[in-house]
Amino acid sequence: MRVLVIGGNPAGMSAASRIKRKSPDTEVWVLEKTEEVSYGACGLPYYVAGINDDIDLIRIRKKAEFEASGIHVQLGREAVSADFRGKFVTARLSDGGEECYSYDKLVIASGSSPKAPPIPGIGLKNIFQLKTLLDAQGLKAHPDIDGMVQAIRQGDLQGITGRMENVLETVTVPAHPVIADLKGRMLESGAENSLMSGSGPTVFGIFSEEEKARAAYSRLREENLADRLFLTEPCRNAD
Ligand SMILES: Cc1cc2nc3c(=O)[nH]c(=O)nc-3n(C[C@H](O)[C@H](O)[C@H](O)COP(=O)(O)OP(=O)(O)OC[C@H]3O[C@@H](n4cnc5c(N)ncnc54)[C@H](O)[C@@H]3O)c2cc1C
């Protein structure tokens, strides 16, 4: 008997482990599309918040430990189709190659995917989702300072606005939601990007068109969201 499990996180690895424990003669194979197996997503917020700085503590069991108990763990294999009559699954490898895995019983434990709400600015580089270890590492990564300096030197507006990041927003914005409101209004009014400065005393937006900046200024004045509002002189030439 061969059992094939798609997905190598809590559900998939619990199923694989239990099947192997209850029935040692059963061949158990796991296909996992990432290079990670069996971690506790519940620990991700603690890692992001800096309560735990060691991401390894979130990994529950390693591939080698599962293999030592007789489970075949195939990382970097994304199940892309299943033939339920022929009883085989096709997996895509990261290099574009494909492999086929036959089975007698199939367990699908492929979990869920985050859904991004359609709000303005959602595609910007400093907007994150938190579902995987990789997401958490990306979220904690330091802003691209060197790239920002280079973009400023080159007068590259998109390079500047695409690199605007402030890791403290993850702490300050939940405590002071008005920051998110201010950023949202500026993005809705056409800002290239908007950011909180320092630990949060100021929120600013960068606009490529003067009219959009004026519209944002008027809107924020009307809504009375900020104590003080400034509309700066346009920068017409980066030189
Ligand atoms: C930030 C965060 C905090 C959480 N905190 C808690 C908490 O405190 N308490 C709690 O009970 N729950 C919490 N959860 C929820 C919990 O982590 C999930 O319920 C759990 O991870 C679900 O496990 P799963 O194996 O079903 O799915 P997933 O964890 O989504 O795992 C699915 C696996 O399948 C793989 N996969 C997907 N498609 C394919 C494919 N086609 N081929 C091969 N592999 C594939 C994925 O890469 C993934 O590794 C939290 C989740 C998050 C994101």
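## Ligand shell

A residue counts as near a molecule here if its C-beta atom, placed from the backbone, lies within 6 Å of that molecule. In this predicted model, 23 residues surround the ligand. Gly7, Asn9, Ala11, Ala41 and Gly111 are the closest of them.

Several elements contribute to the shell. At least two residues come from each of α1 (10-22), β2 (27-32), α2 (44-48) and β4 (77-83). The most are given by α1, which supplies three residues. Sorted by class, the residues around the ligand are eleven nonpolar, eight polar and four charged.

## Overall form and domains

The secondary structure of the protein amounts to nine helices and nine strands. Its radius of gyration is 24 Å, well over the 18 Å that the globule rule gives for 239 residues, so the protein is more spread out than a compact globule. The C-alpha trace spans about 75 × 35 × 35 Å along its principal axes.

The domain assignment divides the protein into domain 1 (2-108) and domain 2 (144-223). Taken over C-alpha atoms, the centres of domain 1 and domain 2 are separated by 41 Å.

## Parallel sheet

An open sheet is formed by four strands in the order β3-β2-β1-β7, with parallel pairing. The edges are held by β3 (71-75) and β7 (105-108); each has a single partner strand, so one side of each is left without a neighbour in the sheet. On average, neighbouring strands of this sheet are turned by 15 degrees against each other, direction ignored.

Within the sheet, strand β1 (residues 2-6) pairs with β2 in the parallel sense over five bridges. Helix α1 lies across β1, β2, β3 and β7, and runs at about 170 degrees to β2. Both α1 and β2 also supply residues to the shell around the ligand.

## Antiparallel sheet

Three strands make up another open sheet, in the order β4-β5-β6, and here the pairing is antiparallel. At its edges stand β4 and β6, each with a single partner strand, so one side of each is left without a neighbour in the sheet. From one strand to the next the twist averages 30 degrees. Edge strand β4 is also among the elements that supply at least two residues of the ligand shell.

Strand β5 (residues 88-93) and strand β6 (residues 98-102) run antiparallel and are joined by five bridges. Across this pairing, Arg92 stands opposite Glu98 in β6, and Ala91 stands opposite Glu99 in β6. The hairpin of β5 and β6 has four residues between the strands, and Gly96 takes a positive phi near 95 degrees.

Strand β8 (residues 193-197) pairs with strand β9 (residues 202-206) in the antiparallel sense, over five bridges. Ser194 stands opposite Gly205 in β9.

The two strands β8 and β9 form a hairpin with four residues between them. In the turn, Gly198 has a positive phi of about 50 degrees.

Definitions and conventions. Residues are numbered from 1 along each chain as its sequence is written. This is a predicted model: local features need pLDDT of at least 70, side-chain atom pairs count only at pLDDT 80 or more; totals for chains, interfaces and linings use all residues. Domain bounds come from an automatic or database domain assignment. Ala, Val, Leu, Ile, Met, Phe, Trp, Tyr, Cys and Pro count as nonpolar, Asp, Glu, Lys and Arg as charged, and the others, Gly among them, as polar. Two strands pair if DSSP finds at least two bridges between them. Axes are lines fitted to C-alpha atoms, for helices over the stretch in contact, and angles run from 0 to 180 degrees between N-to-C directions. Two residues are in contact if their C-beta atoms, placed from the backbone, lie within 7 Å. The radius of gyration is taken over C-alpha atoms; the globule rule is 2.2 Å times the number of residues to the power 0.38.
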